[in-house]
Amino acid sequence: MDIAAETVPIVRAAIADLIAGFPGLVGISCLARGADSVFAEVVLEAGAQSTR
């Protein structure tokens, strides 16, 4: 939940690498502070739609 600011780019890159190449990707997150929010941002950047 409390990832350091300098770690965020590393986490972003790792998530982006893991989800690359999955057409129709659906990500589910509770949008908690930290890695959950980073995950949601990366999934949206990859083209997934938000369904709030």
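**Exercise 1. Find which residues line the largest pocket and which of them lie nearest its centre.**

Solution. Start with the term: on a 1 Å grid over the protein atoms alone, a pocket is an open set of points where a 1.4 Å probe fits, with protein on both sides within 12 Å along at least five of seven lines, and lining residues have an atom within 4 Å of a point. Next, list the lining: there are 15 residues, and G27, L44, Q49, S50 and T51 lie nearest the centre. Then sort the lining by class, which gives 9 nonpolar, 5 polar and 1 charged residues. Here Ala, Val, Leu, Ile, Met, Phe, Trp, Tyr, Cys and Pro count as nonpolar, Asp, Glu, Lys and Arg as charged, and the others, Gly among them, as polar. Finally, the volume of the largest pocket is about 360 Å³, taken as the space filled by probe spheres set on the points, with points joined across faces, edges and corners.

Before going on, please note that this is a predicted model, where local features need pLDDT of at least 70, side-chain atom pairs count only at pLDDT 80 or more, and totals for chains, interfaces and linings use all residues. Residues are numbered from 1 along each chain as its sequence is written, and side-chain values use heavy atoms, with hydrogens and water left out.

**Exercise 2. Check the span of helix 1 and work out which residues it buries.**

Solution. Helices are DSSP runs (H or I, at least four residues), numbered from the N terminus. The expected span is 1.5 Å times one less than the number of residues. For the 12 residues of helix 1 (residues 8-19) that should be 16 Å, and the end C-alpha atoms are 17 Å apart, which agrees. Now look for burial (under 20% relative accessible area; exposed is over 50%, partly exposed in between, with a 1.4 Å probe and protein chains only). The buried residues of helix 1 are V11, I15 and I19. Seen down the helix axis, these buried residues fall within an arc of 55°, so they line one face of helix 1; the arc is that of the directions from the axis to the C-beta atoms. On the other side, I10 and D17 are exposed. Just after helix 1 comes G21, with a positive phi of about 85°.

**Exercise 3. Which residues of helix 2 are buried, and what do they pack against?**

Solution. In helix 2, the buried residues are V38, A40, V42 and V43. They pack against helix 1. From the other partner, the buried residues of helix 1 pack against helix 2 (35-45). R12 in helix 1 gives a worked case: R12 is in contact (heavy atoms within 4.5 Å) with V38, E41, V42 and E45, leaving aside neighbours within four places in sequence. At 22% relative accessibility, R12 counts as partly exposed.

**Exercise 4. Describe where L31 lies and what L31 is in contact with.**

Solution. Begin with location: L31 is in the loop between helix 1 and helix 2. Then take the backbone, where phi of L31 is near 60°, a positive value in a residue other than glycine.

Methods
Helices (H or I, at least four residues) and strands (E, at least two) are DSSP runs, numbered from the N terminus.
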